[in-house]
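Below is a short report on a two-chain model. Look at the sequence and structure, then read on.

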Amino acid sequence: MGDCRLHRIIPPKIAQKIMDLIFWASGIITLLILLMVIGYVFYKGLPVINLEFLFTDPMDSGKAGGIFPMIVSSLYVTFIAVLVSAPIGVGAALYLAEYAGENRTVRLIRFGAETLSSIPSIIFGLFGLAFFVIYLRMGWSVLSGGLTLALMALPTILAASEVSIESINKSYAQGSLALGATKWQTVSKVVIPAALPGITTGIILGMARAIAEAAAILYTVGAALITPISLLDPARPLPLHLYILATEGISLDNAWGTAAVLVILILIITVTTNTLVDRYRKQMMGR
Amino acid sequence: MEYIIEAENLNVYFDELHILKGVSLKIPKNTVTALIGPSGCGKSTFIRTLNRMNDLISTFRMDGTVLLDGEDIYNPKVDVVDLRKRVGMVFQKPNPFPKSIFDNVAYGLRVHGINDKDILEHKVEEALKGAALWDEVENILDKSAMGLSGGQQQRLCIARTIAVEPEVILMDEPCSALDPISTTKIEDLIHKLKKDYTIIIVTHNMQQATRVSKYAAFFLHGEIVENGRTEQIFLEPCDQRTEDYITGRFG
């Protein structure tokens, strides 16, 4: 109704101009917010970063020294998280999109994944503490933290992969089956390669979620200041280090430096994968 | 006359829908048979029973028999993968895989266990020549098939099909998404292919049916009204409904 009244008062062409402006402004504001946050992190953090900061151990609980063990910890737990969640997530997505019909089990899996993705990360942390750290006796370790992060990354990878597999033109699979290919040959040689860009993007989203997470590892990974070697070593990934430096008032400068390193790490991962995915997609689609 | 396919009293249902009603048709070997009729009359469903593509639809049910070289293809002992190798299919919309031109044609061969590079190269070249596409793609075999024009893509799909050396090629309105020049090329190709293959083509284009086929069957509401030599169907149809359809009174 309000719409009708608006049309009566404002001529359509002017209304169009106003709406164009509003949409343009929304876009610009979003961009500005992003630039502001990243810009501020870099403004505060980049001056702290140097080779020593990147490649040495922290001293005095992190008040001085570098963050080398934290960088290693972050990469380590994220690697484990992806190693575990990617095969399960992609496998489940293939099952949902290609094998399962529409039945109760499928709806249940989908509902489960959606619910999983909306659970607050601190609850994952608590679960990780009870299950991995205590019940499975993995202790505060890279393994406990990585597995907890895997649980969190799983629904993200599943959802993105399923959408990507579902969007693959059904005619590809028909063409393959009509040539006498089996279902598995069709899935492995046609469907997965065609869905690979989307699947990769999903894995990267899951990875980004895992590498940036502090709450889920708060109770599972320990907080050791040394470089973890074994899977059962405790560790302190970047977000956790950042959290401790800031909340315990150890060094705000080093907290900003840690934040900047984390942002740069995520940027490197996403930009590299996007470039590779783009190249693959162009080659596949001949453009 | 030698028949390669004999369908006997076929009934096909999707859920409660009775799509084919007691269809019987014999397809002579190494000729082109055209299936004509209005949309929704069961032509596509019929050819999809011949390579068991309907099996992919969960609500599909059928009774009756389909013999390929005298063997019942719905016999539980029949391997569907094997059957589809013998009965190839070209779809309405060109559907090359998002792979290179070479990999598209080699796909069926690789799926059936041929991995020798020399054999693959030889067979891919043969198939592309057979589909009258070789001259156009000879130097871009490693480029994506998605970059080809619609007509080229459809000929690539034909090349992909003949690469596995089927006995029968089913074509489901293969030209409906193509321009007239590409259509002519495909029709010329069909003439060339009928020496080695039995072709069954579904078409909405009456002229196309007369141009490419020797035999024709007219489908209406899930039944075959009339079938026989194409010129007889078009020039002196026995049934009033056939005459009405081909003279454009409905459909």
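B:Asn104 touches B:Pro96, B:Phe97, B:Lys99, B:Ala145, B:Leu156 and B:Arg160, leaving aside residues up to four places away in sequence. Contact here means heavy atoms within 4.5 Å. B:Asn104 is found in helix α3 of chain B, residues 101–111. Helices are DSSP runs of H or I with at least four residues, strands are runs of E with at least two, and both are numbered from the N terminus. Is B:Asn104 buried or exposed? B:Asn104 is buried, with a relative accessible area of 0%. The cut-offs are under 20% relative accessible area for buried and over 50% for exposed, with partly exposed in between (1.4 Å probe, protein chains only).

This is a predicted model: local features need pLDDT of at least 70, side-chain atom pairs count only at pLDDT 80 or more, and totals for chains, interfaces and linings use all residues. Residues are numbered from 1 along each chain as its sequence is written, chains are lettered from A and ligands numbered from 1 in the order in which they are written, and side-chain values use heavy atoms, with hydrogens and water left out.

**Helix α8 of chain A**

Helix α8 of chain A covers residues 170–178. Its buried residues are A:Tyr172, A:Ala173, A:Gly175, A:Ser176, A:Leu177 and A:Ala178. What covers them? From chain A, the cover includes α9 (183–211) and α12 (252–285). From chain B, it includes α2 (80–86), β6 (87–90), α3 and α6 (150–163). Just after α8(A), A:Gly180 takes a positive phi of about 95 degrees.

**The two chains**

Chain A has twelve helices and two strands. Along the sequence, its pattern is α-α-α-β-β-α-α-α-α-α-α-α-α-α. Chain B has ten helices and ten strands.

| Property | Chain A | Chain B |
|---|---|---|
| C-alpha extent along principal axes | roughly 65 × 60 × 40 Å | about 55 × 45 × 35 Å |
| Buried residues | 41% of 287 residues | 55% of 251 residues |
| Charges | 19 positive, 15 negative | 29 positive, 37 negative |
| Gap between mean charge positions | 11 Å | 2 Å |

Lys and Arg count as positive, Asp and Glu as negative, while His and the chain ends are not counted. The place of a charge is NZ of Lys, CZ of Arg, CG of Asp or CD of Glu.

Chain B has a radius of gyration of 18 Å. That agrees with a compact globule of 251 residues, which would have a value near 18 Å. The radius is taken over C-alpha atoms, and the globule rule is 2.2 Å times the number of residues to the power 0.38.

**An open sheet in chain B**

Four strands of chain B form an open sheet in the order β2-β1-β4-β5, with antiparallel pairing. β2 (17–28) and β5 (71–72) of chain B stand at the edges, each with a single partner strand, so one side of each lacks a neighbour in the sheet. Two strands pair if DSSP finds at least two bridges between them. Strand β4 of chain B (residues 60–68) is joined to β5(B) by two bridges, and the two run antiparallel. Which residue in β5(B) is the bridge partner of B:Leu68? The partner is B:Glu71.
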